[in-house]
Structures are given as structure tokens and as C-alpha cells.
Amino acid sequence: MTPNWIDHLPMDARTAMRAAMQPRSFVRGALIYNRTEQPGGLYVVRTGTALFQIDGANGRRLLLKIVRENELIGEVVAYDGKPAPIAVEARSVLVTDFVPAARLAELRKLHPEIDESLAAVATQNLRAVLSAIEELCLMDLHARAISCLKRLCADVEPTTGGAAHLDITQAEFASMLGASRQATNKILGQLEQKELLKRNFRFLQCSWKLRQRTAHLFV
């Protein structure tokens, strides 16, 4: 389980944050909030996964991340409390702990370390958004797919043989690329023919070769 920034707070701040948490659960497919709604507070995922997506006014969505156990949703509420162009949907049965926005604001005043941690998270998120913009605007689909696969591989522990098991469906991967299923599957098929990954209905498995090479070597 990957620690989040709450886990790294000093004991008094960490204890205060945990005391403010309220359990909230969602069924698979439940919309936690959309682009017109305020998150209302901070969610800590305890079990299950959620889809963190840019929710376009035209109904299209760009999957930015699959939020997993012990990761957080809704940090943006700490700054302006306004809706973000983001939709968060339960990918499975989802169990969370929730810190209401008003209580989070009180804790920020009492514990400056919380503010510092939130600022660090904002910086990380900005860098991630800039990387996504680079991929979408400056890379063709093939290079974008390789870059995205390598980024996903970096977030998981390799198997004994050096492969990476990615808990992402082909449809979700296409949404992450901002591409059609057909175009995405064509690229995945080419990589599979080169024995660089294996496709399954519910996951992708990348070989150690794909993990170590750079995008231009796959053209």
C-alpha cells in the first residue's frame, strides 16, 4: 500500500486528520462528483478503485488516473472550493474515509504542515497535467501509448521475470490516450506481436523489454 501525504504528517496533525474522517461507501458506477459539483471534502480510498477523469462539456472524458487504495480524491477543494472540470466515478465497490471541507479548513489553520503537504500535492498534480498536455499535443498516438504504458509500469512492482501487471482494461487505456478503441487496440496488437506486452480483457501485462526501452525504438 502506497503511503499518502496524510501518512507522512507529524503525529498530532495525522491524528487530527484521522479523527475528522467519516466513512463513506459507493457502489460500482456511482458518480462521486462531476464537473459541476464541488467535491465537498477530501476522500481517502480504503478499498476499491475510482476513475479520475476530465469531464468535457461535450460528454467526452479523458481518464487521467485510476485512484487506488490509500490514495486521495478532492484535494482541490482545499484551495477555492469551486467545482473542477473533473468527474470521479467508483470503478468498483468503493470504501472511503471522508474529511468535510469545513473541517479540513479548520485543520489547515491549526496544523501548518497540512497546508505544506497540500501545496506539495498541488505541485505534483500540476506537473502531471503538464506531462499529459505534452503527450496529447506533442506526441503521435504510438509514442503516446508507449509513454503512458511506461508511466503505468513505473507505479507497480515488477514480477519475478521483470514484467508489470497493469490493472487497466483496454477501454480504460484508450480513454487515457484520448483515442478510439480501434486505434488503441491496433497499437496494442503490434506491441503484442513483438512480445512486448500481453492483452487480457481486464488487464495488460508489459514485458521487461517495454519497461526499459524508449518510445522511439518501437516505431
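The legends below describe close-up views of a predicted model.

**View 1. The aromatic pair of tyrosine 43 and phenylalanine 98.** A search of the whole structure finds 2 aromatic pairs. In the pair shown here, the ring centres of tyrosine 43 and phenylalanine 98 are 4.7 Å apart and the ring planes meet at 50°, so the pair is classed as tilted. Because tyrosine 43 belongs to strand S3 (residues 41-47) and phenylalanine 98 to strand S8 (residues 94-100), the pair ties together parts that are 55 residues apart in sequence. Tyrosine 43 is buried, at a relative accessible area of 4%, and phenylalanine 98 is likewise buried, at 3%.

**View 2. Surroundings of phenylalanine 98.** One aromatic cluster is formed by Phe26, Tyr43 and Phe98. Arginine 24 lies over the face of phenylalanine 98, at 3.7 Å from the ring centre.

**View 3. The loop that holds asparagine 70.** Asparagine 70 is found between strand S5 (61-67) and strand S6 (72-73). Its phi is near 75°, a positive value in a residue other than glycine. Most residues other than glycine have a negative phi. Asparagine 70 counts as buried, with a relative accessibility of 2%.

View 4. Glutamate 195, a residue other than glycine, has a positive phi, near 60°. Asparagine 70 is buried, whereas glutamate 195 is exposed, with a relative accessible area of 60%.

Note on methods
Residues numbered from 1 in each chain as written. Predicted model: local features only at pLDDT ≥ 70, side-chain atom pairs only at ≥ 80, totals over all residues. Heavy atoms only, no water. Phe/Tyr/Trp six-rings, centres within 6.5 Å; stacked < 30°, edge-to-face > 60°. Helix = DSSP H or I, 4+ residues; strand = E, 2+ residues; numbered from the N terminus. Buried < 20%, exposed > 50% of the residue type's maximum accessible area, 1.4 Å probe, protein only. Lys NZ or Arg CZ within 6 Å of the ring centre and 35° of its normal.
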